[in-house]
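Q: Please take a close look at one part of this protein, the nonpolar core, and then go on to the parts that can be described beside it.

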Amino acid sequence: MTGAGSLPSVPVLPAFPDDLTDPRGRPQLAGVLADVARSLDVPAPEATAGLDLGRPERVCVVLVDGMGDVPLRARTGHAPTLRSLLAGSTPVVAGYPTTTAASLAAFGTGLGAGSTGLLGYTVRDPRSSAAAPSLVNLVSWTTQPGPVPAAALEPPDPRTWQPHPTAFERFAAAGHPVTSVGPLRFAGSGLTTAGLRGSTYRAAETLGQRVDATIAALRHPGVAYLYWGDLDKAGHHHGWESAEWGEELGELDHELTRLLRRLPAGTVVVVTADHGMVDVTGRTDVALVPELSADVALVAGEPRASHVHLAPGADVDVVATRWRDVLADDAWVLRRDEAVALGLFGTLEARNEPMVGDLVVAARGRHAVVDSRTQTAAGIALIGMHGSLTEDELAVPAIVTSA
């Protein structure tokens with residue numbers, strides 16, 4: 001495994017715990033655009049979502065942030081078009097961690113988080129010191145201090161951070177025009193540049209405007225990518241079981257119906273998502289539990305998928321034991337070598353090793369592990385969260401239909 005040679009050699013764990021889903025060997029979100037590439041005779045990574053797209057002239061890929069397969073199937077009363085399309089589809093799994101930055105980069109490149117370096121919502125900035133580690137937010141592409149104040153660092157170059165070619169770059173190089181449709185604030189953003197560069201970007205704010213822009217882009221052969229994030233927002237603030245989530249799903253279904261009716265006949269349409277969601281009912285704050293905060297320099301990641309970086313000289317086995325004792329059935333606590341041996345991040349490249357925590361903590365059930373020293377009160381209070389390895393978070397739809 002590239003980059004893992006310096007890590008202790010441990011046997012692969014025989015099985016994932018019963019309440020966590022083993023993503024290994026299942027069709028992957030990282031394979032969606034790889035399957036599109038193969039349908040266009042464009043070279044692609046080995047990843048596959050198991051999609052048979054034929055040989056289309058036009059492909060429209062719709063990615064709905066936060067539309068997990070489990071929540072979607074539970075709420076299809078709000079979405080008659082999606083309900084009919086789900087009947088013949090098989091979900092794929094997002095990689096770990098099941099969070100937007102990691103998933104969009106995997107979707108855009110066909111590679112796991114260990115290769116892209118987008119290993120969480122926030123990660124330890126590898127340029128910062130061990131004594132005063134700081135964070136990089138890989139969604140906003142900003143830097144922030146850790147618990148110990150340190151000199152501010154400039155945001156990293158996204159092309160250096162994620163150097164692998166994207167699917168959109170491959171499409172364009174092979175003569176297939178690519179159009180991305182999303183909000184203006186994402187045009188040229190760090191996350192877009194890192195994981196989804198290579199397209200012509202068309203800014204549109206409302207969902208209806210994005211549908212119109214996508215239809216216009218596909219008047220000529222090529223590939224269009226439409227992103228919609230408001231379902232995720234509703235889930236974070238109200239939970240996926242809420243009326244607000246259902247209403248947002250209904251609006252999405254309405255516009256998806258219009259998209260399918262107005263695209264040129266024969267256009268292949270793929271509908272997928274970046275992760276699912278869990279409505280959280282319990283939280284443990286590292287900052288308030290001495291057994292958890294002791295010997296810990298920084299908690300990165302997010303409440304459902306944490307990278308725990310230890311202070312210099314701390315004994316990882318001692319700290320791991322304390323975390324397992326305190327969290328018990330609320331989280332799965334792995335040492336870095338165990339997580340790498342399981343292949344949670346795919347191939348871990350050497351340049352990305354410093355961003356993986358000494359401990360990798362995946363929440364179980366409906367629990368969250370927060371740290372009020374670096375996470376905002378608003379973020380801690382969110383109802384809908386994601387990042388871990390439950391089926392509710394891992395499984396996302398991979399619907400293939402045609403206009």
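A: In this predicted model, the largest nonpolar core has 89 residues, and the members that touch the most others are Met 67, Leu 82, Phe 107, Leu 118, Phe 171 and Leu 249. In soluble globular proteins, nonpolar side chains tend to be buried together. Take Phe 171 as an example: beyond its neighbours within four places in sequence, Phe 171 is in contact with Leu 33, Val 36, Ala 37, Leu 40, Val 42, His 176, Val 178 and Val 223. There is also a second, separate core of 16 residues, with Val 289, Leu 292, Trp 323 and Leu 327 among them.

Thr 116 sits in helix H5, which covers residues 113–116. Thr 116 counts as buried because its relative accessibility is 0%, and the cut-off for buried is under 20%. Its side chain reaches the backbone nitrogen of Leu 118 at 3.2 Å. Leaving aside neighbours within four places in sequence, the contacts of Thr 116 are Ala 105, Thr 109, Leu 111, Trp 161, Gln 162, Arg 351 and Asn 352.

H4 (100–109) and H5 each supply at least two lining residues, and H4 gives the most, with three.

As for confidence, the average pLDDT is 94, and 95% of the residues score at least 70. Residues 1–14 have a pLDDT below 50, although this stretch has 29 contacts in the model beyond near neighbours in sequence. Where pLDDT is low, the predicted coordinates should not be read in detail.

Terms used
Residues are numbered from 1 along each chain as its sequence is written. This is a predicted model: local features need pLDDT of at least 70, side-chain atom pairs count only at pLDDT 80 or more; totals for chains, interfaces and linings use all residues. Side-chain values use heavy atoms; hydrogens and water are left out. A nonpolar core is a set of buried Ala, Val, Leu, Ile, Met, Phe, Trp, Tyr and Cys residues joined through side-chain atoms within 4.5 Å. Buried means under 20% relative accessible area, exposed over 50%, partly exposed in between (1.4 Å probe, protein chains only). Contact means heavy atoms within 4.5 Å. pLDDT is the predictor's confidence in each residue, from 0 to 100. Helices (H or I, at least four residues) and strands (E, at least two) are DSSP runs, numbered from the N terminus. A polar contact is a pair of N or O atoms within 3.5 Å; within protein, one must be able to donate a hydrogen and the other to accept it, and residues adjacent in sequence count only if both atoms are side-chain atoms.
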